[in-house]
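Student: Could we go through the cores and pockets of this protein together?

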Amino acid sequence: MTMLEQGTITIHSENIFPIIKKSLYSGHEVFLRELISNAVDAIQKLKMVSRAGEFSGEVAEPEIQIAIDKDNKTLSITDNGIGMTPDEVKKYINQVAFSSAEEFIQKYQSNGEAIIGHFGLGFYSSFMVAQKVEIDTLSYQKDAQAVHWTCDGSPNFTLEDSSRTQQGTTVTLTLQEEELEYLEPARIRQLVKTYCDFMPVPIKLDGEVLNKQKAIWRQSPRELKQEDYLEFYRYLYPFQEDPLLWVHLNTDYPFQINGILFFPKMRPDVDVTKGQIKLFCSQVFVSDHCEEIMPRFLLPMRGVIDSPDIPLNVSRSALQVDRTVRKIADFVAKKVGDRLNELYKENRSEYITCWQDIGTFVKFGAMNDEKFKKQVEDIIIYRTTYQGEETATKSADTPTVEVQGQEGDPWQEVNTTPNQKDQQGRTYTTLKEYLERNKERHENRVFYCSDEASQATYVELHKKQGLEVLFMDSFIDSHFISFLEREYKDVKFSRVDSEIDKTLIDENKAAEIVDSTTNKTRSELIKEIFEKALNKPNVTIRTEALKSDNPQGTPPAIVLLPEFMRRLQEITALMEQKAVQFPETHTLLVNTSHPLIQNLVSLSQSSIIQGEGQSPSAELANMICHHVYDLALMSQKAFDAEAMKAFVERSNQVLTRLTSK
Ligand SMILES: Nc1ncnc2c1ncn2[C@@H]1O[C@H](COP(=O)(O)OP(=O)(O)OP(=O)(O)O)[C@@H](O)[C@H]1O
């Protein structure tokens with residue numbers, strides 16, 4: 001191919017200038033953020049040259065002044081920073097998209113001062129609101145000539161000598177008629193609060209400092225106390241409950257990232273799909289919708305992330321999602337995992353206290369993120385019926401030592417023996433510990449309860465026979481159980497009401513003959529009585545003698561629904577977006593050891609002796625069968641109006657019969 005010509009593409013400033021002015025930035029208001037950022041940069045740069053020994057004058061107390069002149073419709077921003085020489089104005093201002101930042105950073109080592117501007121465009125955002133922009137500036141350099149630059153929004157400017165004697169820069173905007181809102185002090189205050197609150201220089205309006213300045217996330221955790229974090233949280237999220245715990249991100253490698261992430265107390269009204277983190281870039285507020293920077297499962301966390309390495313678009317108002325952003329999200333997840341591990345090891349009581357709220361995050365994270373799962377799998381805990389060994393019951397009296405945590409949290413206290421109990425004295429365990437402890441009795445089988453109140457009878461039954469039950473009652477747990485079963489292939493979870501473990505049954509009693517004429521065992525007899533009374537082909541009657549030292553303390557009957565069937569029901573309900581319906585087909589386990597059931601046998605036997613037809617005792621026995629069934633069913637499902645009415649009516653009838661003698 002023959003090359004016809006080689007050259008440089010030219011840009012006509014008349015055409016490109018309106019684009020820069022109007023289209024680059026999303027909202028007009030960011031002009032103030034850009035000008036204040038330039039002023040902060042100028043002050044930081046002065047510090048850097050002064051440290052390099054290139055400025056012999058006195059570095060004045062840094063400050064930025066905003067002045068409003070309503071008569072002349074001007075707004076001006078003055079800094080006492082580095083200023084510009086006439087040549088610098090020509091170089092950096094007259095050439096669009098030319099920033100001094102790179103040169104500067106290369107030449108002078110930064111010592112914590114972050115330079116905000118990089119694109120060389122920010123200054124021009126002032127034309128979004130101004131019909132005329134003027135710069136009056138005097139450089140720090142010896143014998144520098146002060147200059148005055150003026151531009152009316154066309155690509156033409158004037159540059160002339162200025163009589164300015166004060167080192168630094170004043171940028172004055174004569175506002176367009178439709179932008180006069182920026183002459184209102186309240187509007188300026190609000191903008192400074194939003195974008196510039198944590199900039200490290202006081203920003204004044206009429207002598208009043210408008211910004212807080214202290215970006216504590218850039219400090220070392222060693223310098224901060226618990227109260228500093230709480231105060232900061234309260235400042236960011238006023239009128240909210242204090243956070244449960246926080247993670248201080250403070251790292252330079254593989255990217256520079258500072259921040260503090262708080263775990264809030266979960267409330268039902270929190271939208272878990274919405275990011276709540278405020279994203280800053282070198283202390284300049286960028287956005288509070290930066291979902292991309294957080295792993296999805298940590299979205300409800302609050303706080304700030306500040307990183308100059310986050311790729312922003314030129315307008316500095318949005319993220320550009322790329323590999324770095326994804327890596328940062330991974331990094332955040334890792335740091336959160338580290339912090340949880342640290343808390344688990346060093347302050348178990350606090351970990352347990354927070355668990356109610358953070359447990360859901362952690363489980364969700366483990367299900368969604370393989371790396372995070374690896375980090376937290378050993379510190380996922382479950383409330384258990386196990387009361388613990390002697391050591392685990394120590395609580396308030398356990399000696400504690402104050403230690404300086406790795407991340408420098410001196411307030412952390414460390415128990416010498418980890419306390420496994422919460423403030424209500426309830427014990428917590430890991431799955432590993434559970435499986436290990438119960439290996440002998442039921443290897444790889446986990447009994448759990450998903451609703452403490454309605455499954456209380458079942459839990460009690462297990463507890464009395466020394467079978468340990470885990471409470472898995474958070475909304476995420478039904479999914480989490482399936483996840484655990486996929487993870488640990490041999491382990492099976494059974495809800496306390498799904499099946500009855502053979503250790504709960506007294507095998508010897510089952511075969512006892514109670515009817516000598518028919519040679520029927522008690523079990524067979526009871527089964528018959530119930531089958532006849534209930535007359536429900538879908539309900540399988542099973543009779544067992546439940547083990548107990550005190551049969552009166554065991555339930556007379558329980559309803560069982562096999563684990564797989566219940567899960568199928570739940571999935572179907574989820575897919576059809578309906579409430580879970582308790583299936584008609586299930587098992588009624590009648591406890592042959594219970595005195596009530598034994599009495600029932602006598603009652604129905606006496607009715608047989610009395611002869612044909614429905615004798616009063618046969619009727620009563622029938623009613624009691626229904627009643628026993630209803631009582632057992634109640635812990636499985638809520639009764640509808642009709643069932644409730646029938647239950648109450650029958651209760652009254654039974655009581656009347658029993659008291660009529
Ligand atoms: N108040 C100021 N004092 C000293 N120099 C300034 C000031 N304002 C702007 N400059 C100079 O003008 C250059 C261009 O400014 P501009 O705001 O357009 O871009 P930037 O701040 O470098 O980058 P960005 O577009 O990312 O904000 C700056 O790099 C700086 O050298």
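This is a predicted model: local features need pLDDT of at least 70, side-chain atom pairs count only at pLDDT 80 or more; totals for chains, interfaces and linings use all residues.

Student: Which residues touch the most other members in the largest nonpolar core?

Tutor: They are Phe-263, Met-294, Met-301, Ile-305, Phe-530 and Leu-588, in a core of 103 residues.

Student: And what does Met-301 touch?

Tutor: Leaving aside residues up to four places away in sequence, Met-301 touches Val-247, Leu-261, Phe-262, Phe-263, Pro-264, Gln-276, Ile-277, Met-294, Val-336 and Phe-361. Another core, of 63 residues, lies apart from the largest one and includes Val-40, Met-84, Met-128 and Tyr-182.

Student: Turning to pockets, what volume does the largest one have?

Tutor: Its volume is about 870 Å³. The lining comprises 33 residues, and Ser-478, Arg-495, Arg-566, Glu-570 and Val-580 are the closest to the centre.

Student: Which helix supplies the largest share of that lining?

Tutor: Helix 15 does, with seven residues. Helix 12 (477-487) likewise supplies at least two.

Student: How does the lining of the largest pocket divide by class?

Tutor: There are twelve nonpolar, ten polar and eleven charged residues.

Student: What about the second largest pocket, which residues lie nearest its centre?

Tutor: Lys-45, Ile-82, Met-84, Tyr-92 and Ser-100 do, out of 40 lining residues. The volume of this second largest pocket is about 750 Å³.

Student: Which element gives the most to its lining?

Tutor: Helix 2 does, contributing eight residues. Among the other elements that each supply at least two are strand 2 (74-79) and helix 3 (86-93). By class, the lining of the second largest pocket holds 22 nonpolar, ten polar and eight charged residues.

Definitions and conventions. Residues are numbered from 1 along each chain as its sequence is written. Side-chain values use heavy atoms; hydrogens and water are left out. A nonpolar core is a set of buried Ala, Val, Leu, Ile, Met, Phe, Trp, Tyr and Cys residues joined through side-chain atoms within 4.5 Å. Buried means under 20% relative accessible area, exposed over 50%, partly exposed in between (1.4 Å probe, protein chains only). Contact means heavy atoms within 4.5 Å. On a 1 Å grid over the protein atoms alone, a cavity is a set of points where a 1.4 Å probe fits but cannot get out, and a pocket is an open set with protein on both sides within 12 Å along at least five of seven lines; lining residues have an atom within 4 Å of a point. Grid points are joined across faces, edges and corners, and a volume is the space filled by probe spheres set on the points. Helices (H or I, at least four residues) and strands (E, at least two) are DSSP runs, numbered from the N terminus. Ala, Val, Leu, Ile, Met, Phe, Trp, Tyr, Cys and Pro count as nonpolar, Asp, Glu, Lys and Arg as charged, and the others, Gly among them, as polar.
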